[in-house]
Amino acid sequence: MVLQDIFDQLTHGELSQVFVGNAEGEGIREEDKLRMISHIQLGLTALHKRFLLKERQLTVELVPNKSVYVLKQAFAQSNDESEEPIKYIHDAEFPFKDDLLKVERVVTDKGTALSINDYFDEDTVRTASYNTLVLPSFDAWEPSLKPTKLVITYRADHHKINKIVGQFISFKEEIDLPVTHLEALLYFVASRVMNPVGIAGEFHEGNNYAQKYEQACMELEQHGHQLNSQSSNSRFDYNGWV
């Protein structure tokens, strides 16, 4: 799927009767394209937050006497522009782009899976925020099991859409979204566009599309349209977020 596919669907479908689209196929007006891309970007993030659509990994090299690690691009070794004195995120092969939405799993370089936010586990990893990990003390661990690195598996956001598309590059930019989730995205965008319009007659079109979006998401959840990341460690099934 490319960006043009989404614009075409909106033009001939949900937005065909409003100023950003038309039934004659002329497309979305040039002056509205940046606004539409912002709506699409927000919708993609909403779907990637709600559904596990993309997983990525990064490696954290543990620093002596340090227990708090912020997973930001500023601490990535691939970031040549960062002036942070210690860059503990090893991401030479796949540069980290601040696309972390939620930490899913934490495993040591010795193969030990750590629980996340488990109140009853003294070796649990706590999340001070969505991208801040507070590690337990490994002092009492067997020397052969003490980690030097952690492998973090996280739920990833959609990449940022280049907002100059249509001017210097084409609308053929790839959109990393399963076709099963396209309808939900269209409803999300239509809701965002129509909300400022308010009530027309007896209907509030923004709320109407918001309800359609929620219904589409519920149907996707019922049919299991997301990655299967079930862990063999049952502790993960009960861990929440701070």
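Is E221 buried, partly exposed or exposed? In this predicted model, for which local features need pLDDT of at least 70, side-chain atom pairs count only at pLDDT 80 or more, and totals for chains, interfaces and linings use all residues, E221 is partly exposed, with a relative accessible area of 38%; here buried means under 20% relative accessible area, exposed over 50%, and partly exposed in between, with a 1.4 Å probe and protein chains only. Residues are numbered from 1 along each chain as its sequence is written, and side-chain values use heavy atoms, with hydrogens and water left out.

The sheet is described first. Helices (H or I, at least four residues) and strands (E, at least two) are DSSP runs numbered from the N terminus, and two strands are taken to pair if DSSP finds at least two bridges between them. On these terms, five strands form an open sheet in the order β3-β1-β8-β4-β5, with antiparallel pairing. Strands β3 (89–90) and β5 (113–114) stand at the edges with a single partner strand each, so one side of each lacks a neighbour in the sheet. Strand β1, which comprises residues 55–61, pairs with β8 in the antiparallel sense over seven bridges, and within this pairing Q57 stands opposite T153 of β8. Seven bridges likewise join β4 and β8 in the antiparallel sense, where V103 is placed opposite Y154 of β8. Strand β4 (residues 100–108) also pairs with β5, again antiparallel, over two bridges, and V106 stands opposite L114 in β5.

Helix α2 (residues 33–50) packs on this sheet and touches β4 and β8 (149–156), its direction making about 125° with that of β8; contact means heavy atoms within 4.5 Å, while axes are lines fitted to C-alpha atoms, for helices over the stretch in contact, and angles run from 0 to 180 degrees between N-to-C directions. Strand β8 is mostly covered, six of its eight residues being buried.

Burial also marks helix α3. Of its 13 residues, 11 are buried, so α3 is largely enclosed by the rest of the structure; among them are L185, Y187, F188 and M194. The helix, residues 182–194, should span 18 Å at 1.5 Å a residue, and its end C-alpha atoms are 18 Å apart, which agrees; the expected span is 1.5 Å times one less than the number of residues.

Salt bridges, defined by a side-chain nitrogen of Lys or Arg within 4 Å of a carboxyl oxygen of Asp or Glu, come to a count of eight. One of these joins the side chains of E221 and R50 at 2.8 Å, N to O, linking E221 in helix α4 (residues 205–222) with R50 in helix α2, distant parts of the chain that are 171 residues apart. R50, at 26% relative accessibility, counts as partly exposed.

The side chains of E55 and R105 meet at 3.0 Å, N to O, and connect strand β1 with strand β4 across 50 residues of the chain; E55 is partly exposed at 27% relative accessibility, whereas R105 is buried, with a relative accessible area of 19%. The side chains of R56 and D99 meet at 2.6 Å, N to O, and since R56 lies in strand β1 and D99 in the loop between β3 and β4, the pair ties together parts that are 43 residues apart in sequence. R56 counts as partly exposed at 37% relative accessibility, while D99, at 7%, counts as buried. Finally, salt bridges that share partners join R50, E214 and E221 into one network.
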